[in-house]
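Please read it alongside the sequence and the structure.

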Amino acid sequence: KPIVVIADDSNVEREIIARWLAKWDYQAIHCHTGQEAVEQAKKNPIVVLMDVVMPEMDGYEACRRIKADYPSLPVIMMTAYDNVSALEKAFSAGADDYLPKPLYWPLLNLRLHRLVEGRALQEALQQREEHLQCVLEAGADACWYGTWEAGAATVDMQLMRPLFSVPTAATPKEILMANLHPDDQEKTLAQANAFLTGTQGDVLAQMFRLRVADGEWRWFFSR
């Protein structure tokens, strides 16, 4: 479940917010002070809901510290001070948005939903960038070829360092199955079999993770 940090010195306020979050399928982390919110920010929440007035450290200072450590983590200030001065202080501290108290629950739900969508898009974009970088670097990594079922794979050693811990005389299928990431096996094999049976088209292009000789997983582009 997506994690939401609730920072409010009122136990009643936190409990009410947490109940709504549970109804919307979010996991709540309760914080009584701003210092606790700073510490809990490391648990990768989608957002911090920050009250302004709290003991030990107020919401403004907590927001500044969170933004210093986690610039991309959204912080939404919750305040009953509905005036320009309070809003200016919130945004000067680095807050991404604010919600007036008492909270309007449909609005909070909408804000959280958009944050979840935004994070998913950001992660997808980052993954695409990693894939693209893999493609751009692929020419410097390896060049191997062969038939899928039986042909021996030939590796051009002038274009690569030894990547895999299996003999280069193994068939392409043996190399793939010995090093293919478990989460990618079903999809990769299904695409390959569809290509072999003529239902995939004339070109088979795939992205998958392989375990290289040092034990790390790396993305590969195969075409």
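How many bridges join β1 to strand β3, and which way do the two run? In this predicted model, 4 bridges join β1 to β3 (residues 47-51), and the two strands run parallel.

- A right-handed β-α-β unit is made by β1, helix α1 (residues 11-23) and β2.

**Burial of β1**
- β1 spans residues 3-7 and is mostly covered, with 5 of its 5 residues buried.
- I3, V5 and A7 point one way from the strand, while V4 and I6 point the other way; all are buried.

**Aromatic pairs**
- The count of aromatic pairs comes to 3.
- The ring centres of W20 and W24 are 5.6 Å apart with the planes at 45°, so this pair is tilted.
- W20 is partly exposed at 27% relative accessible area, whereas W24 is buried at 18%.
- F91 and Y98 form an edge-to-face pair, with 6.4 Å centre to centre and 85° between the planes.
- F91 is partly exposed, with a relative accessible area of 40%, and Y98 is partly exposed at 26%.

**Cluster and charge contact**
- W20, W24 and W105 are linked into a cluster by ring pairs.
- K23 places its charged end over the ring of W20, 4.2 Å from the ring centre.

Definitions and conventions. Residues are numbered from 1 along each chain as its sequence is written. This is a predicted model: local features need pLDDT of at least 70, side-chain atom pairs count only at pLDDT 80 or more; totals for chains, interfaces and linings use all residues. Side-chain values use heavy atoms; hydrogens and water are left out. Buried means under 20% relative accessible area, exposed over 50%, partly exposed in between (1.4 Å probe, protein chains only). A crossover is right-handed if, with the strands pointing away from the viewer, the path from the first strand over the helix to the second runs clockwise. Two strands pair if DSSP finds at least two bridges between them. Rings of Phe, Tyr and Trp (its six-membered ring) pair if their centres lie within 6.5 Å; planes under 30 degrees apart count as stacked, over 60 as edge-to-face and the rest as tilted. A charge sits over a ring if NZ of Lys or CZ of Arg is within 6 Å of the ring centre and within 35 degrees of the ring normal.
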